[in-house]
Amino acid sequence: MVGIVVDQLRTDYIEYLQNYFNERGFKRLMKEGAYMRDVDFKAKGLDGVSGTAMLYTGSYPSSTGVAAAEIYDPVSKKMKPVLSDPKTLGNFTNDSYSPETIRLSTLADEIAMDGLGLSAVYSFAADPQMAIVMAGHSGTSACWLNNHTGNWATTTYYKALPTPVSTRNYSSSVASRLDTMQWKPSIPIEKFPGLPEQKKIYPFRHTFPRSDKAVYEQFAASPMGNAEVTDIAIECLRQLKIGSNTNAVDMLNVGYTLAPYRYVSDGDYRPELTDAYLRLDSQLGRLFDAIDQYVGRDKAVIWLSSTGYYDDAVIEDKKYRIPGGEFSLKRAKSLLNSYLSAQHGNADYVEAFNGSHLYFDHKVIDDKKLNIQDVVSDARSFLTRMSGVADAFTFYDILSPSTPEEERLRLSLDPKTGGDIYVSFNPGWTIVNDIDYPVVTKSVRETPVLTPAFIVGPGVAPKTIDASVDATAIAPTVSSILRIRSPNGAVSKPLLLN
């Protein structure tokens, strides 16, 4: 079983560039299996981690325990990675993660349980939380790239780092090769389709200088990071003989990224994105060739999916006069506290304002013997009149949805970690989180796109499916092909692909 998740993969880019692809990557998926052109994740505000959790559990973020890559921690009053776990230790990293936050069984878990503990389940990705979601609770190992050292890392929740991985850290680490790497167009820039002429005059060229503090983050976000993931996956496939188990099904999980490259100088990442697709196509070809060689084409089921969203928001140049502005979370929090103090008595009612989530201090409200719903209702009324706010939804609105937008939010927000109010901002505005340091800015842009999925394997008839497919059906469909149980929280029936 091979599971591949590609963060922010788009259907239109695959189809637009298919004449530039080789026969062994995306074209193989399109020709030999079920190609779903429109996989609908339905949830709002997805990221790579929450989208991956949806795929592997067959359920929505409201139930998975992984509503976002970062959640608010009421103890420290700061944001933290959703899978952080101080009870575990990092191996080749100081970060501590585990899958214990995931509330449901995953596809990997069901494979491990079906194999009665004999299945080997490995996952490899640049992002630690994607790797852990893919390995699940019962995985053998989950490995990721440490963004401080470039080494492959894991957590003590799983077994020790696989031998091929630790060997690579010592004998051929990313750090030892960093200065020799550069990213430039893989084909002549004038052959890139859809680029304006001015972008073809000076082809891009990115290097990875060791002196840059964010160099490993830049590396992981580039096609070089995808190639590193492929390298280690193939090496483990070869040395650990994943897929050669005669007593149970093994699973190899691989995470890639096709997110817009944020480190361009002019904000226009179209050339880099086009080249990233071309390069990932080659990496998929390498991976599939290795599976054919070490496992056998007739002994593998391969599925690949996007994470269901696309984030191309950038701060627009003011010369274009696009309506917008800056929304300061610190200022909004202060103004809201002043307004609520005038209404209900002096106090700091707002505990935190992070992203779109606003949290109240329930102890303060209880001590003042106020009705929380009255305070929340007053706050919502005030927020909706602020510039840059499109709407605000209370926790109670979301739990009892009456509009399509509220229904999307119900599927998206975890009642245990979400805020008392969810604020929706106007496109074109920039949200400035100046409450914490360093200050973080995020532009608002709605970008609905078609996102694809593929399933290839014995018994899967080649076909193109144009009708919309619910993302929660992927895990049950793969489970059905393997004749095992679906994850325990899956909400959709399997697709009929034979």
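# Exercises on a predicted model

A search of the whole structure turns up one cavity of 30 Å³ or more. The model is predicted, so local features need pLDDT of at least 70 and side-chain atom pairs count only at pLDDT 80 or more, while totals for chains, interfaces and linings use all residues. Residues are numbered from 1 along each chain as its sequence is written, and side-chain values use heavy atoms, with hydrogens and water left out.

## Exercise 1: the cavity

Describe the space in the largest cavity and the residues that line the cavity.

Step 1. On a 1 Å grid over the protein atoms alone, a cavity is a set of points where a 1.4 Å probe fits but cannot get out, and lining residues have an atom within 4 Å of a point. Grid points are joined across faces, edges and corners, and the volume is the space filled by probe spheres set on the points.

Step 2. The largest cavity holds about 60 Å³ of space.

Step 3. Its lining has 13 residues, and Ala221, Pro223, Thr257, Ala259 and Ala276 lie nearest the centre. The elements giving two or more residues to this lining are α11 (223–239) and α12. Helices (H or I, at least four residues) and strands (E, at least two) are DSSP runs, numbered from the N terminus. The largest share, three residues, comes from α12.

Step 4. Sorted by class, the lining has nine nonpolar, three polar and one charged residues. Here Ala, Val, Leu, Ile, Met, Phe, Trp, Tyr, Cys and Pro count as nonpolar, Asp, Glu, Lys and Arg as charged, and the others, Gly among them, as polar.

## Exercise 2: helix α12

Check the span of helix α12 (residues 270–294) and place the helix on its sheet.

Step 1. The expected span of a helix is 1.5 Å times one less than its number of residues. For the 25 residues of α12 this should give 36 Å, and the end C-alpha atoms are 36 Å apart, which agrees.

Step 2. Just after α12, glycine 296 has a positive phi of about 115°.

Step 3. An open sheet of ten strands has the order β6-β9-β8-β7-β12-β1-β13-β21-β2-β22, with mixed pairing. Two strands pair if DSSP finds at least two bridges between them. The edge strands β6 (90–91) and β22 (463–465) each pair on one side only.

Step 4. Strand β2 (residues 34–36) and β22 run parallel and are joined by three bridges. Alanine 34 has lysine 463 in β22 as its bridge partner.

Step 5. Helix α12 packs on this sheet, touching β1 (2–7), β12 (251–257) and β13 (302–306), and its direction makes about 170° with that of β12. Contact means heavy atoms within 4.5 Å. Axes are lines fitted to C-alpha atoms, for helices over the stretch in contact, and angles run from 0 to 180 degrees between N-to-C directions.

Definitions and conventions: On a 1 Å grid over the protein atoms alone, a cavity is a set of points where a 1.4 Å probe fits but cannot get out, and a pocket is an open set with protein on both sides within 12 Å along at least five of seven lines; lining residues have an atom within 4 Å of a point.
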